[in-house]
Amino acid sequence: MTTRELNDFLTQTGPGTPMGDLFRRYWIPALLSAELPEPDCPPVRVKLLCERLIAFRDTQGRVGLMDEFCAHRGVSLWFGRNEENGLRCPYHGWKYDVTGQCIDVPSEPEASGYCKKIRLKSYPCVELGDVIWTYMGPSALAPPLPGFEWALVPQAHRFVSKRTQECNYLQAMEGGIDSAHVSFLHRHDLRSDSLHVSRGAELTRETDARFDVIETDGGMIIGVRRPAQPGHLYWRITQWIMPFHSMIPPYGDNALNGHAWVPIDDESCMSWCFTHHPTRPLSTHELDTMRNGGGIHVKLVPGTFRPVVNKDNDYMIDRAAQKANKTYCGVKGIAMQDAAIQESMGPIQDRSKENLTSTDNGVIMARVRLRKAALAARAGKTPDGLDPKTHAVRSASIVLPESVSFSEGAAEALTAREGTAPISV
Ligand code: FES
Ligand SMILES: [Fe+2]
């Protein structure tokens, strides 16, 4: 049972909260590399874990991520002039480098050394897999760089997008863990979305789904079995990696999909969407489909990361399509079906009122794991999921004889080994 206290504990990630401290021990996807396309381009506002930050790429191409507000009198540096290796506040000209160090206070004589004493809070950044990642924790505890396969394959094998979601990260992430909903919520899209259609998609329409959860060093694997041909089970196996990554079981020859559910603040999150294929470039058809809001990606309001289909237009619900079994809930597109359903729970779901069943075992386990990790980190223990080896995993979908356990039968399929194709039906 998730009490109100535990719900607060799990959903609050601001500075100084236990979960916020835990999240700050990991490399976090902060923005797309493409948002800072060239040296001295316009700065970008970034809100992460309730902190308002500004990102910019300096003249040498280095990325800085620092407090959004000028140390002088608090102007947003979004108005800043990005010039000559620093971001200059347009109000009185104070200038900062990528480390947040103030390097010019025009009103003070240089000899006074005044600007040396001024430094904005800033976080180190790295670029990996078309994403700018940041580390917001104590510098002595910075972990090695992430080892997710999607980030390490050649660029042509990968497509990354992100969209804002108007709810707490946890309820969005719980949707990524709970693969029982696929047989209902996405039921009809399994036959119509070209990035899903496959034998596996047909088998997934079977609603008799049983869960088997196994803890791993970095998180857990969630096996969901449904009946296949006589004597066999169809296993859809999701990976969850601490603290907010999930990998969706694949369909047929389609590419692999995964998410990172990154808190913007306690009432909204960034849903990062990663599609990659380990052994081949993505096809023009795949790329076109994803750019047009197919698969796990969505169409965005131009100039923003807000989906075109959103709360303000009631997710463009189409009751006729719902009645005609074109979509199960009336919302078009798999990703927006998830987002609409999750946002409908309110910005922070009150978990003290829920009634869980055995198909929620993955969700329950993730909550237990996160709570344990946050408490352990407070007591000085290294959190799980920092080691890049724990990221080198894949989701899988596989048909196995009834007598074989999924952890044994799918062991190979669940490992990301360079040059090997995904295992998927
Ligand atoms: S407020 Fe930024 S320089 Fe004065
Ligand atoms: Fe979903």
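## Cavities

On a 1 Å grid over the protein atoms alone, a cavity is a set of points where a 1.4 Å probe fits but cannot get out, and lining residues have an atom within 4 Å of a point. A volume is the space filled by probe spheres set on the points, which are joined across faces, edges and corners. This is a predicted model, in which local features need pLDDT of at least 70 and side-chain atom pairs count only at pLDDT 80 or more, while totals for chains, interfaces and linings use all residues. Residues are numbered from 1 along each chain as its sequence is written, chains are lettered from A and ligands numbered from 1 in the order in which they are written, and side-chain values use heavy atoms, with hydrogens and water left out.

The largest cavity has a volume of about 310 Å³. It is lined by 28 residues, and those closest to its centre are V182, H186, I248, I334 and D338. Helix α10 provides the largest share of this lining, 4 residues. Helices (H or I, at least four residues) and strands (E, at least two) are DSSP runs, numbered from the N terminus. By class, the lining of the largest cavity has 13 nonpolar, 11 polar and 4 charged residues. Here Ala, Val, Leu, Ile, Met, Phe, Trp, Tyr, Cys and Pro count as nonpolar, Asp, Glu, Lys and Arg as charged, and the others, Gly among them, as polar.

The second largest cavity holds about 120 Å³ of space. Of its 15 lining residues, W150, M247, N257, G258 and H276 are the closest to its centre. Strand β17 gives the most to this lining, with 4 residues.

H181 is buried, at 17% relative accessible area, and H186 is buried at 3%. Buried means under 20% relative accessible area, exposed over 50%, and partly exposed in between (1.4 Å probe, protein chains only).

## Pockets

A pocket is an open set of points with protein on both sides within 12 Å along at least five of seven lines. The largest pocket has a volume of about 550 Å³. Among its 26 lining residues, N292, G293, K332, G333 and I334 are the closest to its centre. The lining divides into 9 nonpolar, 11 polar and 6 charged residues.

The second largest pocket contains about 430 Å³ of space. It is lined by 20 residues, with E35, R45, K162, M270 and F305 the closest to its centre. Strand β2 (44-48) gives the most to this lining, with 5 residues. Its residues divide into 12 nonpolar, 3 polar and 5 charged.
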